[in-house]
Amino acid sequence: MGSRERTNELGKRLLFTAFVLALYLIGRSVPLFGIEKTDASHQSADRILFSILNGDVSRTSILALGILPYMNASILVMFLTAFRSEGARRHLSGRKIKRLQGAATLGFTLVFAYYYSGQYQYRRDLMLLRIPVLLELAGGALFIAWIADRNREKGIGDMAPIFILNLLFSFGNSLHKAPLYQYPKLFLVSLLAVGMTLFLENHFLRIPLMRVSIYNTHSENSYIAYKYSPVSTMPVMFATSILFLVRLLFQGLILIGVKEKGFLTLASDLTIGNPLGDLFYLLIIVLMSIAFSFLILKPGEMADQLLRSGDCIPGVYPGKKTMGYLARRVLGLALLSGSFQALCLGVSLGLSYKGQLTPALALFPSSIMLFTGFLTNIVREISHYYRFDSYRFFL
């Protein structure tokens, strides 16, 4: 008989994640060299939104770029690999994807570091101090990408623990001067956001399958399970990153000499708290929900797999008909979750236009949705490792 001792995988991973978060907190406390400190008491909606990604409302620490470059690199790599054929993706090893992710992260890091370093006020000569600040920002962003990558391998929750920590700081900054109980409408919207997020995260659409290989009256029912929220709260998270990237693109065009009036308007108005920026942000949430749902669930590939195995959905012809059927289901779920997320945020932004909320508090529903989504996934992963540790090996 082999060893019947329990493993301690959960404990090891939780300890490693705690270590990662400790390193992150230490990095957030290290200030950039040579810059004038900004007044962090004025917290615009735009600044609060991006503090979810960088965890630093004042943007004066070496980790001011936060997870932003890593996230944009993840989006780019996801789309680059998704549009390859199934055969081409088989030749993409994990090592190649990791190298591509690293190169994309480095590229975004340098671009964002250059942009941010030009936004500070310096104590002495600008050109003399901007270079070390640029290097500090780049080093901080690459450090975060590195610890996030390590946590994916050895810890719990991938990037989620860092986001949760940033969200907790964001909650503290938003609610310190304006307690939630003073805003009953915001409280109700936030309560709805939490409840619906939990519902969408934990309920599934089950599409029945007729399995040719095992079909008989006594076989277990088989089905394809699609979560009501196919990509969780990823659209809210990535929409923040894309909004910043698009605005940076227009500002870059202006910097190289493009003086079109439309570019000038977009560069200044694509901010949270501005009607154009808010509408663009809400639209991105819905579009990202649709795009990521199709990229991750891949209804076309699922239909091909069913066709090759000889299995089918009752009442639906194999092949293109099945692909269309699955695509409609994925689209419906993506629209449901994406529209709900945009609606909750849209209601709170509308209250801010009426003067019933501060712009910073208007983003509270998006923060609470992200917090709920991240925490749900972490609890699910912890439960998985707990069951693994509880297993008694027979050999």
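This dialogue works through several features of a predicted model and how each of them can be read.

Student: Which conventions apply to this model?

Tutor: The model is predicted, and local features need pLDDT of at least 70, side-chain atom pairs count only at pLDDT 80 or more, while totals for chains, interfaces and linings use all residues. Residues are numbered from 1 along each chain as its sequence is written, and side-chain values use heavy atoms, with hydrogens and water left out.

Student: How many helices and strands does the protein have?

Tutor: Helices (H or I, at least four residues) and strands (E, at least two) are DSSP runs, numbered from the N terminus. By that reading the protein has 14 helices and two strands.

Student: How is burial defined, and what percentage of the 395 residues counts as buried?

Tutor: A residue is buried under 20% relative accessible area, exposed over 50% and partly exposed in between, with a 1.4 Å probe and protein chains only. Of the 395 residues, 46% count as buried.

Student: Which residues have the most contacts inside the largest nonpolar core?

Tutor: In soluble globular proteins, nonpolar side chains tend to be buried together. A nonpolar core is a set of buried Ala, Val, Leu, Ile, Met, Phe, Trp, Tyr and Cys residues joined through side-chain atoms within 4.5 Å. The largest one here has 90 residues, and Tyr120 and Leu137 are those with the most contacts inside it. A second, separate core of eleven residues includes Ile224, Tyr226, Val316 and Tyr325.

Student: What is leucine 137 in contact with, leaving aside its neighbours within four places in sequence?

Tutor: Contact means heavy atoms within 4.5 Å. With those neighbours left aside, the partners of leucine 137 include Leu32, Ile62, Leu65, Tyr116 and Tyr120. For the protein, among contacts with a separation of 6 or more, 78% are accounted for by residues 24 or more positions apart.

Student: How do α11 and α13 pack?

Tutor: Axes are lines fitted to C-alpha atoms, for helices over the stretch in contact, and angles run from 0 to 180 degrees between N-to-C directions. The axes of α11 and helix α13 (residues 320–353) are 9 Å apart, and the two helices pack at an angle of about 160°. Angles under 35 degrees count as roughly parallel, over 145 as roughly antiparallel, 65 to 115 as roughly perpendicular and the rest as oblique. α11 and α13 are therefore roughly antiparallel to each other. As for handedness, a crossing is left-handed if the near helix is turned anticlockwise from the far one by less than a right angle, and right-handed if clockwise; α11 passes α13 in a right-handed crossing.

Student: At what angle do α9 and α11 pack, and which residues meet?

Tutor: Helix α9 (residues 234–255) packs with α11 at an angle of about 125°, and their axes are 8 Å apart. That makes α9 oblique to α11, and the crossing of these two helices is right-handed. Among the residues that meet are Phe238, Ile242 and Val246 in α9, and Phe280, Ile284 and Phe292 in α11.

Student: Where is leucine 335, and how far is its C-alpha from that of serine 289?

Tutor: Leucine 335 is placed in helix α13, and at 34% relative accessibility it counts as partly exposed. Leucine 335 and serine 289 are 46 residues apart in sequence, yet 7.1 Å apart in space, C-alpha to C-alpha. Leaving aside neighbours within four places in sequence, leucine 335 is in contact with Val286, Ile290 and Phe340.

Student: Is isoleucine 272 buried or exposed?

Tutor: Isoleucine 272, in the loop between α10 (261–269) and α11, counts as buried at 6% relative accessibility. Its C-alpha atom and that of leucine 349, which is 77 residues apart from it along the chain, are separated by 9.1 Å.

Student: Which residues other than glycine have a positive phi?

Tutor: Aspartate 158, with phi near 60°, and lysine 298, with phi near 50°, are among them. Aspartate 158 lies in the loop between α6 (126–154) and α7 (160–175), whereas lysine 298 is found in the loop between α11 (275–297) and α12 (299–309).

Student: How many disulfides are found in the whole structure?

Tutor: A disulfide is a covalent bond between the sulfur atoms of two cysteines. The criterion is a pair of cysteine sulfur atoms within 2.5 Å, and a search of the whole structure finds zero. Cysteine 344 is buried, with a relative accessible area of 4%, and cysteine 312 also counts as buried, at 19%.
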